[in-house]
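The sequence and the model come first, and the description follows.

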Amino acid sequence: MKLLTCFLIVFMFSCQSLPENNMSASLIPATSTASFTGSTDAVPNERKSVTDESVVPVTTIPGASVILAKKQVPILCYHQIRDWKPTDSKISKEYIVPPAAFATQMRMLADSGYHTITPDQLYAYLTSGAALPSKPIMLSFDDTDLDQYTVGYPEMKKYGFKGVFFIMTVSLGRPHYMSREQVRTLSDEGNTIGSHTWDHHNVKKYAGNDWITQLDKPTRQLEQITGKNIRYFAYPFGLWNTAAFPELKKRGFVAAFQLNEKPDQTDPLYCIRRIIVPGTWNGSALNQWIRRDF
């Protein structure tokens, strides 16, 4: 646990993001300035799209104790998938995963019989007891880095793996980040697209129009790109607070993902735990950690 706590601290200060004082809504790219038109009191699992064939079915959400009692599904979190540079610090190398290491980790998952699941499958399992494949696992990717598409996804496709990609929309189309077309391709090929805010601003500091800037407009942009509802959210830096839960719910999000903290005991769907996968782990180390931590 101390190792993962260290990763979180590094991630908080090293993750690629714009400065938090660069928050003006006027700086949002023109493609993301459409006003938010969704109902602010919509029930999360009633939100539908005629183009979305995998809408989360309407269900009665069980109590927190029921959800917390379920066996956790391992959820892995990746950021950059590239070779280390001389300028990378020792600690940075823990969350920058070299392509060879990523390939080894994916091969281990396949050889060990793991089956990737989508957030929709996880949600159905947690809320209605829907069956999962044997040895389920979720692969998640934060921050929109281009190497997730050019390096990570081709490796995943060798084994038929799918993932969830949490997109920071300010980065779309910029150097070293994914384009809108690449995000659409990921969605069209069966991966899930989730929200990771506009520019990675800490949810704990939201005030005033920050929810509009960081959630409403990016969500509309991602829905326009994919043609699907955006139902899942990942907190920047993995940092969350309970004040965010009602804001996410009224915007149609049915679950949200953090990093390795104990989930909230009253509303665990909005702080689902993930672990950052270090670039120093080979397949065996990853397998051991999954079996021990989940």
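## Glutamate 223

Glutamate 223 counts as buried, at 10% relative accessibility. The model in which this value was computed is a predicted one. Glutamate 223 is part of helix 7, which covers residues 210-226. A polar atom of the glutamate 223 side chain lies 3.2 Å from the backbone nitrogen of isoleucine 230.

## Salt bridges around helix 7

The structure holds 11 salt bridges. One of them joins arginine 251 and aspartate 216, with 2.4 Å between the closest N and O atoms. Aspartate 216 belongs to helix 7, while arginine 251 sits in the loop between helix 8 (244-250) and strand 9, so the pair ties together parts that are 35 residues apart in sequence. Both partners are buried: arginine 251 has a relative accessibility of 11%, and aspartate 216 has one of 4%. Asp216 and Arg251 also belong to one network with Glu247 and Lys250, joined by salt bridges that share partners.

## Two further salt bridges

Aspartate 142 and arginine 274 form a salt bridge through their side chains, at 2.9 Å from N to O. The two residues are 132 residues apart and link distant parts of the chain. Aspartate 142 lies in strand 5 (residues 136-142), and arginine 274 lies in the loop between strand 9 (255-257) and strand 10 (275-276). Aspartate 142 is buried, with a relative accessible area of 0%, and arginine 274 is likewise buried at 0%.

Glutamate 155 pairs with lysine 158 in another salt bridge, where the closest N and O atoms are 3.2 Å apart. Here the partners fall into opposite classes. Glutamate 155 is buried, with a relative accessible area of 13%, whereas lysine 158 is exposed at 58%.

## Nonpolar cores

The largest nonpolar core has 65 residues. The members that touch the most other members are Leu76, Tyr78, Leu109, Leu122, Tyr235 and Leu248. Helix 3 (residues 99-111) gives this core its largest share, five residues.

Tyrosine 235 can be followed in more detail. Leaving out residues up to four places away in sequence, tyrosine 235 touches His196, Val203, Trp240, Ala244, Phe245, Leu248, Ala256, Phe257, Gln258 and Tyr270.

## Cysteines

Cysteine 77 is buried, with a relative accessible area of 0%. Cysteine 271 is also buried, and its relative accessible area is 0%. With a disulfide taken as a pair of cysteine sulfur atoms within 2.5 Å, the count of disulfides comes to zero.

## Helix 9

Helix 9 runs over residues 283-293, and its buried residues are Gly283, Leu286, Asn287, Trp289, Ile290 and Asp293. Viewed down the helix axis, these buried residues fall within an arc of 165°, so they line one face of helix 9. Gln288, Arg291 and Arg292 are exposed on the other side of helix 9.

A contact is also found at the start of helix 9. There, a side-chain oxygen of asparagine 282 comes to within 3.2 Å of the backbone nitrogen of serine 284.

Definitions and conventions
Residues numbered from 1 in each chain as written. Predicted model: local features only at pLDDT ≥ 70, side-chain atom pairs only at ≥ 80, totals over all residues. Heavy atoms only, no water. Buried < 20%, exposed > 50% of the residue type's maximum accessible area, 1.4 Å probe, protein only. Helix = DSSP H or I, 4+ residues; strand = E, 2+ residues; numbered from the N terminus. Arc of directions from axis to C-beta. Polar contact = N/O pair within 3.5 Å; in protein donor to acceptor, adjacent residues only side chain to side chain. Core = buried A, V, L, I, M, F, W, Y, C linked by side-chain atoms within 4.5 Å. Contact = heavy atoms within 4.5 Å. Salt bridge = Lys/Arg side-chain N within 4 Å of Asp/Glu carboxyl O.
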